[in-house]
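User: Please take a close look at one part of this model and its contacts. Then set that part against the wider protein, with the cut-offs spelled out.

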Amino acid sequence: MSNDEKRGDSLSRDDRDMIDEFIGAEPLRADEALSVPEDELGPTAGSADNKDREEERDALMSESDEEFVDRADVIGEGARWFAGWCLRFLIVCAALFVAFTALGKVWAGLLPVLLALIVATVLGPPAAFLIRHKWPDALAAIVSLLGAIGIVSGVIALIAPTVRAQLPTLKDQFTQGILELQNLVQGPPFNVKDEQLLDLLDEATSWLQERSGDIANTVFQGISVVGSATITLVVMLVLTFFFIKDGRHFLPWLRSIAGRRLGWHLTEVLTRSWNTLGGFIRTQAVVSMIDAVFIGLGLWLLDVPLALVIAVITFFAGFIPIVGAFTAGFIAVVVALVANGFTTAILALVLIIVVQQVEGNILSPMLQSKAMNLHAAIVLLSVTLGGTLFGITGAFLAVPVAAVLAVWLRYLGDLTDLRTGDKTAADIQFATEAGSISGLRTEAAGKAMRDHLMALRLGGGSKDDESGAADGTVAAPAGNDATGAGSAASATARANASSSSSDEGPTTRAFNRITSAVTERFRKR
């Protein structure tokens, strides 16, 4: 065998793939190939049909050469992107599940903390005013807390004489109302006899006796709930005192722990959250006051006794979603029924339903959306979702929690806009000086990042390409002939591309660089 045949055989062996090597297959040599007879009936090689076919084949080959990325590769990239986001979504859902499970475990200890934070947003400004006037922190906190307790106690003491004075009258009216109801049932069209009423009373007594155990359990559960609520109230008051007293030292301590850069961001976002919680309490107080004024005025016009007392109860019950409004309305309707009869009770019921529907579906979402920068639909949906998941407490805390989450997301959006250049630090209203500094630093970092990316995309590496081409051309002879020829050809191609790119615009150069980076692995095949 000659040297050329040996060299050709070795090259053929090098062209074998992994499957050929595994099964021991050898390339088919030219002398072993079977000749294919020509189709005598077909057209000759020089006919016009063959020339058309050759031209069509050349056109297809040129189209194949110009197609840098295949459609299957693009579809695969899209499917891979979609699968990645689905995986991220599943991870987020798992994290939320773990968070809600952990929240349920520590809810009894977390609830007084949340309530204390909400109360501290109301009592914090008076305490800060006293501290600015050289009052000690502890004394200012005690005076603010005792002042709030004194106001509530004063309101109760103010309405207590009215209740005590009108209670005997209401008792007599209640007894008279029961007798009137009995006469109404015994008359037409009901015509219920005394024996039937006695039978109903006996059945009701027997039903109560049979379920005495369940009633006792319910009573004990109620006592347990009252005891738990009392403990929560006491812990909340103690925590409120410490929050008011030492609250202004919390952010500096947090900055010392988290570091300056992260501490500045936390200072800004926590200050925004604090202001949002204060706006929620003030808005809820305004809404409750409107309910109390209109319901109290309507009951006074209907000549219902204890109208002022019911108005005060309506105000305080307005801070407790759902149950508070129902309890206040029930008391008003019962007093109207006992005092003035069935017609007045129906009118009082219509009045309360109208006021509460307007407040719950129109007034409260509008005011809270303005105070906390939330859409009215978000406020309504958060109350509904919180009440469904966590009951009364969830309905009460749903709006402030949603508002705080919106504050955090809005701050992250501001930082993103600063990095992308959609906003500047002057366009954002920061709540603290630390937030202003963080905004300026983020804006500067975003500008530097955009300049760097623009330099990379618009020919920032052209000089490197040219130097690489020169190095490749010089280093080519150092290797063997085949490697050197390949390196020289590659370097020459890069040099030609660099020289030709100098005549193109920046957009064309950026597009060519991006296309080259994306399709490099496909061309290597």
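Analyst: Start with a polar atom of the Thr121 side chain: the backbone oxygen of Ile118 lies 2.4 Å from that atom. A polar contact here is a pair of N or O atoms within 3.5 Å; within protein, one must be able to donate a hydrogen and the other to accept it, and residues adjacent in sequence count only if both atoms are side-chain atoms.

This is a predicted model: local features need pLDDT of at least 70, side-chain atom pairs count only at pLDDT 80 or more, and totals for chains, interfaces and linings use all residues. Residues are numbered from 1 along each chain as its sequence is written, and side-chain values use heavy atoms, with hydrogens and water left out.

Thr121 sits in helix H5, residues 107-132. Helices (H or I, at least four residues) and strands (E, at least two) are DSSP runs, numbered from the N terminus. Thr121 is at 4% relative accessibility, so Thr121 counts as buried. Buried means under 20% relative accessible area, exposed means over 50%, and partly exposed falls in between (1.4 Å probe, protein chains only). Leaving aside residues up to four places away in sequence, Thr121 touches Trp274, Leu277, Gly278 and Ile281. Contact means heavy atoms within 4.5 Å.

Helix H5 also holds Gly109. Gly109 is partly exposed, at 47% relative accessible area. The C-alpha atoms of Gly109 and Val235 are separated by 9.4 Å, although the two residues are 126 apart along the chain.

Next comes Asp137, in helix H6 (residues 137-186). Asp137 is buried, with a relative accessible area of 17%. Not counting residues up to four places away in sequence, Asp137 touches Ile131, Lys245, Arg248 and His249. With Arg248 the link is a salt bridge between side chains, 2.9 Å from N to O. Arg248 lies in the loop between helix H8 (212-246) and helix H9 (250-258), and Asp137 lies in helix H6, so the pair ties together parts that are 111 residues apart in sequence. The cut-off for a salt bridge is a side-chain nitrogen of Lys or Arg within 4 Å of a carboxyl oxygen of Asp or Glu. Side chains of opposite charge can pair when their charged atoms come close.

Lys245, a contact of Asp137, has a salt bridge with Asp246, again between side chains, at 2.9 Å from N to O. Lys245 is partly exposed at 22% relative accessibility. Asp246 is partly exposed as well, at 31%.

Now helix H10, residues 260-301. Glu268 and Arg272 both lie in this helix, 4 residues apart, about one turn. They form a salt bridge whose closest N and O atoms are 2.7 Å apart. Glu268 is buried at 0% relative accessible area. Arg272 is buried at 14%. The pair belongs to a network of salt bridges that links Glu268, Arg272, Asp414, Asp417 and Lys423. In total, the structure holds 8 salt bridges.

Turn to the surface. A nonpolar patch there has about 880 Å² of accessible area together; its members include Leu337, Phe342, Ile353 and Met366. Patches are made of residues with over 30% relative accessible area and no salt bridge; like charges are joined within 9 Å, nonpolar side chains (Val, Leu, Ile, Met, Phe, Trp, Tyr) within 5 Å. Accessible areas come from the Shrake-Rupley method with a 1.4 Å probe; for residues, only the protein chains shown count as cover. Helix H13 (residues 342-372) gives the patch its largest share, 9 residues. Ile353 lies in helix H13 and is partly exposed at 44%.

Finally, the whole chain. The protein has 18 helices and 0 strands. It has 525 residues, of which 25% count as buried. Among contacts with a separation of 6 or more, 65% join residues 24 or more positions apart. The protein exposes about 35500 Å², with 66% of it supplied by carbon and sulfur atoms.

An unreviewed UniProt entry lists transmembrane regions, among them residues 109-131, 138-160 and 280-300. UniProt positions are given in the numbering used here, feature names are shortened, and annotations may be inferred rather than shown by experiment. Residues 138-160 are 100% helix and 0% strand, with end C-alpha atoms 33 Å apart. Residues 280-300 are also 100% helix and 0% strand; there the end C-alpha atoms are 30 Å apart.
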